[in-house]
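Subject: The model, and notes on what is in it

Hello,

Here is the structure that I promised to hand over, with my notes set out below it. Please keep it open while you read, and look up each residue as it comes along.

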Amino acid sequence: MPVPQPIAIGTEKPRILVVDDESFIRDMLADFLGMEGYAVQCAADGVAALRELRAQPFDVIVSDLKMPGIGGLDLLKEARQAYPDTVMIMMTGFGTVETAIAAMKSGAYDYILKPFKVEEVIQVVERGLARRRLEAENIRLREAVSLYKVSEAISASLGMDDVVKTMAASAIDDLNADWADIWLADGEGGFAPRGPWTGGELKDVVPGDVNHGALVAAVEGGDCVLVHGPEVAPYVNKPDRLPTTMLVVPLKVPTRFHGCLCVARYGTGEKFTEGQRKLLILIASRAAAAIENSRLYENLQATFKQTIQSLARTIDKMDTYTSGHSTRVSEYAGKLARWCGLDDGKIEIVRQAALMHDIGKIGCVMKLNKPGKLTAEEYETFKAHPEYGRDILEPIDFIQPVIPGVHLHHERWDGGGYPLGLSAQSIPLIARIISVADTYDAMTSDRAYRKKLSHDVTRKEIVSCSGTQFDPDVATTFLDKIDDWLAEQRELGRDMPQ
Ligand SMILES: [Fe+2]
């Protein structure tokens with residue numbers, strides 16, 4: 001179904017189509033409306049009117065109700081379907097007033113009784129155009145508000161989840177859609193759904209209902225899909241659950257196709273309009289730019305994490321005795337964070353911080369794991385490693401949340417630790433967690449100056465240091481859970497402390 005381009009109201013003459021089988025009325029209206037400054041076309045019946053509509057868009061149709069062939073009501077229905085923005089005004093004799101009222105119910109703007117005065121027709125046309133302008137203004141305003149909301153929300157976050165959720169919520173609210181979904185490239189040549197989201201009671205609509213392969217193929221080149229009725233079928237897998245109307249736009253930046261955004265209405269929902277198509281394209285283009293940024297940011301973070309992991313491994317390899325220490329502390333600390341009830345985001349911060357906790361040892365130019373005790377001077381150098389760690393990480397913006405874990409993992413609950421001598425709750429939880437995990441791994445691993453200690457001996461040591469070196473709650477949580485977890489890991493064939 002061809003979709004007309006929206007008319008630039010105010011920059012050119014409004015276009016009016018006069019449809020009547022009586023040539024006298026057609027010509028008279030064409031003359032008078034032309035003198036009022038309108039661009040007027042005429043059609044002698046419904047068929048000719050539809051031909052004119054397909055050829056060019058009109059702002060207003062003034063049509064007789066009773067015509068041979070396609071009558072005024074049929075023309076109205078066709079025009080409302082294909083060109084919902086066009087204002088329809090019906091003309092009728094006294095005998096068919098009830099039909100005219102039915103036409104109003106079907107979406108006609110107004111009706112004029114024959115015989116009419118020309119001024120009356122002009123007034124109704126002007127009122128219809130005024131409403132059309134108002135609607136166009138409303139659409140522009142809604143576009144501006146939606147774009148503002150999307151842009152604000154997107155600029156407030158670099159997280160992909162936020163960008164996607166904001167885009168879906170905006171698509172559902174601003175287009176009054178029943179359903180929305182977003183497919184994004186999964187990095188392996190495929191596309192994965194991020195939704196769906198529903199605006200109504202469509203709980204049984206699942207991503208599998210929509211043939212996303214067909215959607216992606218249709219919009220990959222930058223085109224949109226706006227389909228209604230039976231045209232929807234190729235894009236939906238379940239023929240018994242067809243949307244009434246469906247709109248799909250690409251998420252594309254000049255260098256990359258990220259996926260697509262799809263919205264649909266089910267049941268008796270009205271068709272999406274041309275204005276709504278434009279709005280969704282604008283929303284999608286803002287979101288695509290944000291998705292691109294988010295991907296770049298995630299890549300940057302991933303690259304940085306890899307660098308940190310390499311550094312952590314380098315530290316561990318500075319001495320064969322500390323091999324794997326950072327990785328193990330990261331695993332223990334991550335588990336302990338979960339047992340302490342932290343959410344996924346905080347657990348990840350704990351894991352990262354634990355992986356980097358000894359990164360400052362890079363700054364200690366000395367043999368840290370030599371046999372025998374460190375000299376007093378060597379010990380002072382060693383004690384600087386948490387601060388070196390903080391100094392190494394401080395210039396990097398997105399690593400800030402892990403710094404307290406690195407900087408303060410040698411603080412003690414009783415205040416006797418370093419570098420700041422903090423005590424109890426003033427030590428960040430992340431550092432209290434790493435402290436337990438670090439000690440557990442250090443004691444259950446071989447060192448140059450001693451053999452590894454057994455799990456039971458280490459347990460007893462943690463019990464005896466609970467409330468002095470360690471946060472008693474964190475230590476208790478660790479001891480409550482560690483045995484079962486170690487047993488599970490051994491069952492999986494892993495070599496764990498005995
Ligand atoms: Fe340390």
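Helices (H or I, at least four residues) and strands (E, at least two) are DSSP runs that are numbered from the N terminus. With that in hand you can find N176, which sits in the loop between α6 (160–175) and β6 (179–185).

Two remarks on the source belong here. This is a predicted model, in which local features need pLDDT of at least 70 and side-chain atom pairs count only at pLDDT 80 or more, while totals for chains, interfaces and linings use all residues. Residues are numbered from 1 along each chain as its sequence is written, and side-chain values use heavy atoms, with hydrogens and water left out.

The backbone

N176 has a positive phi of about 50 degrees although it is not a glycine, and N176 is exposed, with a relative accessible area of 58%. Another residue other than glycine with a positive phi is A424, where the value is near 45 degrees; A424 belongs to the loop between α13 and α14 and is partly exposed, at 23% relative accessible area. Most residues other than glycine have a negative phi, and most peptide bonds are trans. A cis peptide bond, however, joins Y418 and P419, with omega about 10 degrees, and P419 lies in the loop between α13 (403–407) and α14. The bond from K114 to P115 is also cis, with omega near -5 degrees, and P115 is in the loop between β5 and α5.

The iron site

Which residues hold the iron ion's protein donors? They are D358 (OD), H385 (NE2), H409 (NE2) and H410 (NE2), and they lie 2.2 to 2.4 Å from the ion. Donors here are N, O and S atoms within 2.8 Å of the metal (3.2 Å for Na, K and Ca), and since water is not among the atoms, sites may look incomplete. Along the sequence, the donor residues follow the spacing D-x26-H-x23-H-H.

Why is the arrangement of the four donor atoms called irregular? The angles that they subtend run from 83 to 169 degrees, which makes the arrangement irregular. The rule is that four donors count as tetrahedral if all angles lie between 85 and 135 degrees, that four count as square planar and six as octahedral if opposite donors are over 155 degrees apart and all others between 65 and 115, and that anything else is irregular.

Salt bridges

The structure holds 19 salt bridges, a salt bridge being a side-chain nitrogen of Lys or Arg within 4 Å of a carboxyl oxygen of Asp or Glu. One of them joins the side chains of K114 and D20, at 3.1 Å from N to O. That pair brings together the loop between β5 (110–113) and α5 (118–155), where K114 lies, and the loop between β1 (15–19) and α1 (23–35), where D20 lies, 94 residues apart. K114 is buried, with a relative accessible area of 14%, and D20 is buried too, at 0%.

Another salt bridge is formed by the side chains of R328 and D441, at 2.5 Å from N to O. R328 is in helix α9 (residues 325–339) and D441 in helix α14 (residues 429–443), 113 residues apart. R328 is partly exposed, with a relative accessible area of 27%, whereas D441 is buried, with 1%.

D446 forms a salt bridge with K451, the closest N and O atoms being 3.9 Å apart. Of these two, D446 is partly exposed at 27%, and K451 is exposed at 64%. Salt bridges that share partners also join D20, E22, D64 and K114 into one network.

Key
Buried < 20%, exposed > 50% of the residue type's maximum accessible area, 1.4 Å probe, protein only.
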